[in-house]
Amino acid sequence: MRRPLWLAAAALLVAGCSASGHEAAGGTPDPRPFSGATHFSADEARALHRAEEAEVGACMERRGLTYRTATAGDARRDAADSPYGLLRPGWAGSDGYGMTARVLAGPPPDPNEAHLAGLSGRERARWRTALLGGEEGREEFAVPGGPTLVYSPDSCVHTARTEVYGEGWTRLEFSLQHAGNEVIERTYRSPGFRGAQAEWARCMREEGYAYRTLEDPRDRIQRMLDTARGDPGRLRAAGRAELASARQDLECQLGVDLHRRVAEAQRTAEEPVRRRWAADLERFAGMREAAVGRARHMTESGSPPAPGRS
């Protein structure tokens with residue numbers, strides 16, 4: 001089943017950064033493509049989510065439909081996730097990789113579930129079409145050499161995003177998500193990253209963890225969570241294993257100076273990509289700043305953000 005546009009976008013987005021995009025709290029390098037330009041901090045994400053939800057609700061109301069705004073997920077944890085599997089000091093000891101905590105928290109409740117349950121099948125279809133768009137009127141946008149985005153310009157989700165971020169945001173964001181993913185892949189393939197990862201893996205093996213890549217610890221914990229299937233004992237065991245692995249993982253990352261070495265590898269890997277997308281990055285920065293300003297104004301004043309169409 002195709003996920004709603006905003007969920008698909010969130011999954012593609014290169015997540016996490018600090019104010020500079022390269023330094024986390026305590027001065028530990030926190031490398032992100034384009035110095036974190038395509039990321040929103042937890043506070044920014046929460047404000048933007050509220051603004052988008054308010055605009056979705058207004059759009060649905062104009063169409064004579066009821067929409068109950070949804071609360072944001074765990075923006076703080078989402079913003080901390082590294083595209084390279086790097087851990088932040090101070091987090092690993094209490095949160096691990098954040099995986100067991102997410103399972104225990106469960107998905108956020110759907111505030112529209114009860115309302116939809118009271119509608120007829122035809123009314124539910126009309127409601128979902130208004131929110132997400134129907135088969136007719138869909139548009140496609142293909143990134144050169146990349147994936148294709150399918151979206152409904154007339155949907156309330158797209159209308160809300162345009163009001164908050166500005167005209168053309170959906171295509172621009174999608175393009176830069178692809179560019180950021182290219183930076184990450186180039187960094188993964190670089191000798192600097194591979195060498196640093198190999199030293200990290202050697203450190204982990206010495207402590208009893210047979211990992212080869214930075215993704216391996218999370219893959220192991222995910223398998224444990226998958227087999228737990230809600231069993232409290234197995235979930236507790238997975239949580240303990242996650243914390244122990246993450247603590248050792250962080251120790252080895254710091255021991256081999258992984259954060260700095262990944263940042264250096266990325267700096268070289270992204271140079272040609274940044275040059276190719278320079279104009280779009282500049283445009284994105286301006287639209288991003290304006291959107292965050294509108295969203296924060298709405299949060300502080302309680303009034304709807306000024307339209308993003310200009």
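How closely do the axes of helix H10 and helix H12 come to each other, and at roughly what angle do they cross? Keep that question in mind while you look at the model, which is a predicted one. Here are some points to follow on screen.

1. **The overall picture.** The protein has 14 helices and two strands. Of its 310 residues, 46% count as buried. If you take the contacts with a separation of 6 or more, 72% of them come from residues 24 or more positions apart.

2. **Two helices crossing.** Now to the opening question. Helix H10 covers residues 191–206 and helix H12 covers residues 232–255; their axes come within 9 Å and cross at roughly 130°. Angles over 145 degrees would count as roughly antiparallel and 65 to 115 as roughly perpendicular, so H10 and H12 are oblique to each other. The crossing of H10 with H12 is right-handed.

3. **Who touches whom.** On the H10 side, find Trp200, Cys203 and Met204; they meet Ser245, Gln248, Asp249, Cys252 and Gln253 of H12. Sorted by class, this contact has four nonpolar, three polar and one charged residues.

4. The model holds nine aromatic pairs. One of them is Tyr84 with Tyr188: the ring centres are 5.7 Å apart and the planes stand at 75°, so this pair is edge-to-face. Tyr84 sits in the loop between helix H3 (75–80) and helix H4 (92–95), while Tyr188 belongs to helix H9 (residues 169–189), so the pair ties together parts that are 104 residues apart in sequence. Is Tyr84 buried or exposed? With a relative accessible area of 1%, Tyr84 is buried.

5. **A stacked pair.** Compare that geometry with Trp169 and Phe284. Here the ring centres are 4.6 Å apart and the planes are at 25°, so the pair is stacked. Trp169 is in helix H9 and Phe284 in helix H14 (residues 278–301), so this pair ties together parts that are 115 residues apart in sequence. Trp169 is buried, with 1% relative accessible area, and Phe284 also counts as buried, at 1% relative accessibility.

How values were computed:
Residues numbered from 1 in each chain as written. Predicted model: local features only at pLDDT ≥ 70, side-chain atom pairs only at ≥ 80, totals over all residues. Heavy atoms only, no water. Axes fitted to C-alpha atoms, helices over the stretch in contact; angles between N-to-C directions. Helix = DSSP H or I, 4+ residues; strand = E, 2+ residues; numbered from the N terminus. Parallel < 35°, antiparallel > 145°, perpendicular 65-115°, else oblique. Left-handed = near helix turned anticlockwise from the far one by under 90°. Contact = heavy atoms within 4.5 Å. Nonpolar A, V, L, I, M, F, W, Y, C, P; charged D, E, K, R; others polar. Phe/Tyr/Trp six-rings, centres within 6.5 Å; stacked < 30°, edge-to-face > 60°. Buried < 20%, exposed > 50% of the residue type's maximum accessible area, 1.4 Å probe, protein only.
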